[in-house]
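Q: Please take a close look at one helix of this protein. Where does the helix sit in the fold, what covers its buried residues, and how does it pack against its neighbour?

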Amino acid sequence: MVTSFTSSISMQPRLSATTTTRFGLQKPVSVFNTNLTLRPRSMPARLAISCAAKQETVEKVSEIVKKQLSLSQDQKVTAGTKFTDLGADSLDTVEIVMGLEEEFGITMAEERAKEIATVQQAAELIEELVLEKTT
């Protein structure tokens with residue numbers, strides 16, 4: 001009696017990770033023994049900041065910021081504008097917060113007020129506090 005055994009062996013290249021992987025622009029990167037090149041892409045020219053606060057709240061906050069910092073009316077202050085970019089120091093920021101509290105009839109906790117750095121953040125906090133006040 002003859003018994004036959006058949007076996008197959010598959011020989012495929014084995015992927016092995018390299019020990020060092022460095023990422024950089026315009027430099028080859030070795031990952032699994034494959035050379036990749038990372039190249040920067042141009043970003044779209046249009047970039048919009050999404051704001052959860054109402055546009056009218058953002059506009060009111062912008063006007064109060066202009067008034068507190070004695071900015072000209074033609075100075076552009078948008079939702080993404082940082083107070084520090086307008087030249088505001090910590091005292092100016094406190095005065096902005098006081099002006100916002102007076103205008104909207106709210107009181108901001110000091111910890112929350114310290115978190116405000118942009119017009120958008122101020123507008124969102126104001127709407128949150130006004131909502132809390134009415135409920």
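A: The model is a predicted one. Along the sequence the pattern is β-β-α-α-α-α, that is, two strands and four helices. The protein has 135 residues, of which 27% count as buried. Of the contacts between residues at least 6 apart in sequence, 46% join residues at least 24 apart.

The helix examined here is α1, residues 55-68. Its 14 residues reach 20 Å from the first C-alpha to the last, close to the 20 Å expected at 1.5 Å a residue. After α1 comes serine 70, with a positive phi near 55°.

The buried residues of α1 are Thr57, Val58, Val61, Ser62, Ile64, Val65 and Lys66. An α-helix has 3.6 residues a turn, so residues three or four places apart point the same way. The cover over the buried residues of α1 includes α2 (90-104) and α4 (119-134).

Against α2, α1 packs at an angle of about 130°, and the two axes are 9 Å apart. This angle makes α1 oblique to α2, since values over 145 degrees would be needed for roughly antiparallel. The crossing of α1 past α2 is right-handed.

On the α1 side of this contact are Thr57, Lys60, Val61, Ile64, Val65 and Gln68. They meet Glu95, Ile96, Gly99, Leu100, Glu103 and Phe104 in α2.

Methods: Residues numbered from 1 in each chain as written. Predicted model: local features only at pLDDT ≥ 70, side-chain atom pairs only at ≥ 80, totals over all residues. Heavy atoms only, no water. Buried < 20%, exposed > 50% of the residue type's maximum accessible area, 1.4 Å probe, protein only. Contact = heavy atoms within 4.5 Å. Expected span 1.5 Å × (residues − 1). Axes fitted to C-alpha atoms, helices over the stretch in contact; angles between N-to-C directions. Parallel < 35°, antiparallel > 145°, perpendicular 65-115°, else oblique. Left-handed = near helix turned anticlockwise from the far one by under 90°.
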